[in-house]
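The following note sets out several points on the fold and the chain contact. Please read each point alongside the coordinates.

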Amino acid sequence: MLNYGFMQNALFVSLCISILCPCIGIFLVLRRHSMIGDTLAHASLAGVTIGLACNVNPVLGAFVFTSASGALIEFLRNSFKKYADLILTIVLSLSVGVAITIISAGKLGANADSFLFGSILTVTKFDMLLILGLSILSVLTLIFLYNQLIFITYDEDTAKVAHVKVKLINYVFSILVASAISASIRIVGVLVLSSMIALPVATALQLEKGFKATLLYSVLFSVTDIMLGLFLSYYLDVAPGGFTALVSVFVLVLVLVGKKLVSLCSARKKLPA
Amino acid sequence: MIQAQKLYFSYTGLSPYVLENLDMHIKNGEYVSVVGDNGSGKSTLIRLALKFLKPTSGEIVCHANRVGYVPQKKDAIAAGFPITVQEMLVSYGRLLKIKDKRVAMESLAQVGMESFSSSLVGNLSGGQYQKVIIARALMGEPDLLILDEPSSGVDVESQREIYTFLKRLNATHGITVVSVEHNLDAAVKNSTSIYHISGGRGHFCSPERYAKEYLQT
């Protein structure tokens, strides 16, 4: 299987996104913003269609449009403080509206379907370089802003007292989310992309560890989910994105059951004989 | 340390104002409890002092070199956040450019919480949590400590420990303490001065006078 060039490309991209997505996802989930991932995934579809219509690399198109949408969410947050979910509906409407209008106008030079469901056949060398670049840049930025992001997520006011530039970092973070999403759509597809961002983190949270450990476990679960999803989808001849989402849910359920069993066993041990 | 002049504030920018023509001067080394009814603007006042909010008109200036802040307890966020006590303090220290991890442990030791360093913040009791947040606020040697209802959700014994500690910090280290209080007994027992907000305006009075005028009615 790994003798095929397309499979090597897919494996490389999968590895990149399996590290990148949970690193971004942990902050989104802890901010209770995991649905932003879904909204921006739809924004990336609009970016893909714009890219295809303008003969620009669709991943690049997705990155630019998703970044702009992320910045728009951040901007609208001030206007809709009490209706945060409404912001997502606005951006979702804009993105899906753009995507459907361009697709239905028949102006695309290629098929956008592969971006909806994800495909391992369509990853090009340029995509690989772009995704590698985005991933390295994003991970380095995350390392640099690690403590600031923790505090903005945990307690924005305390971050402000410590002179953290909260607004600026929130904008930078929205670009990081955009880069994770645009790196992932080739393989995973728009429809299940948010599962790559949220589910490994949801699984790691069940282990009730500290922040660093939760982040590392999130990456571990993410690599497991995506690699299993990629290899099994190849043998089952199904779309990798959908199957990876199923694997992620399965791993989460497995951890939940395991956790329950451990707590039952320890409760039984504590019972007097 | 904190000075407000002709301060007006409303969330809409229009009348009616939460704070109206408010003048206030908190001097260095004081322990001031800010009291008043719910919605009187106590927390708004300290949020203005911390520059989280902008005055509608007038000004409020804080002259502290470094501020330690103890926010209102937010149970939902703390409970679901996977972070250990040590991780939180070390991470906060990094924001203050403190690279030595021992500073975090020393700060924890000040409030007697060093044995909880590897506990998850979400697993702490109300009192333990508040002590950890005070330890965090003390990192970087602040000259002003601002607390927003430090005793809410805290058991009586921990409340006593927290107020004794705050009083000692103020008396022996000279740290100015400004505390928004709904615990009026603690305000009277521990403060050097009380700032009472009512109808958008405030006035200072001594704890003794406050106890006489407000608590006995």
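This is a predicted model: local features need pLDDT of at least 70, side-chain atom pairs count only at pLDDT 80 or more; totals for chains, interfaces and linings use all residues.

1. Residues are numbered from 1 along each chain as its sequence is written, chains are lettered from A and ligands numbered from 1 in the order in which they are written, and side-chain values use heavy atoms, with hydrogens and water left out.

2. Helix α3 (residues 85–95) and helix α5 (residues 126–138) of chain B have axes that come within 9 Å and cross at roughly 20°. α3(B) and α5(B) are therefore roughly parallel, a term for angles under 35 degrees. Helices here are DSSP runs of H or I, at least four residues, and strands are runs of E, at least two. Axes are lines fitted to C-alpha atoms, for helices over the stretch in contact, with angles from 0 to 180 degrees between N-to-C directions.

3. From α3(B), Val85(B), Met88(B), Leu89(B) and Tyr92(B) meet Val132(B), Ile133(B), Ala135(B) and Arg136(B) of α5(B); contact means heavy atoms within 4.5 Å. The residues of this contact divide into seven nonpolar, no polar and one charged. Ala, Val, Leu, Ile, Met, Phe, Trp, Tyr, Cys and Pro count as nonpolar, Asp, Glu, Lys and Arg as charged, and the others, Gly among them, as polar.

4. Chain B has an open sheet of six strands in the order β5-β6-β7-β3-β8-β9, with mixed pairing. Because β5 (67–70) and β9 (201–205) of chain B stand at the edges with a single partner strand each, one side of each lacks a neighbour in the sheet. Within this sheet, β3 (residues 31–36) and β7 (residues 176–180) of chain B run parallel and are joined by four bridges; pairing requires at least two DSSP bridges. Val34(B) stands opposite Val180(B) in β7(B).

5. Elsewhere, β1 (residues 2–9) of chain B is joined to β2 (residues 19–26) of chain B by five antiparallel bridges. Ile2(B) stands opposite Ile26(B) in β2(B), and its bridge partner in β4(B) is Cys62(B).

6. Between the chains, 26 residues of chain B are in contact with 22 residues of chain A.

Terms used. Angles under 35 degrees count as roughly parallel, over 145 as roughly antiparallel, 65 to 115 as roughly perpendicular and the rest as oblique.
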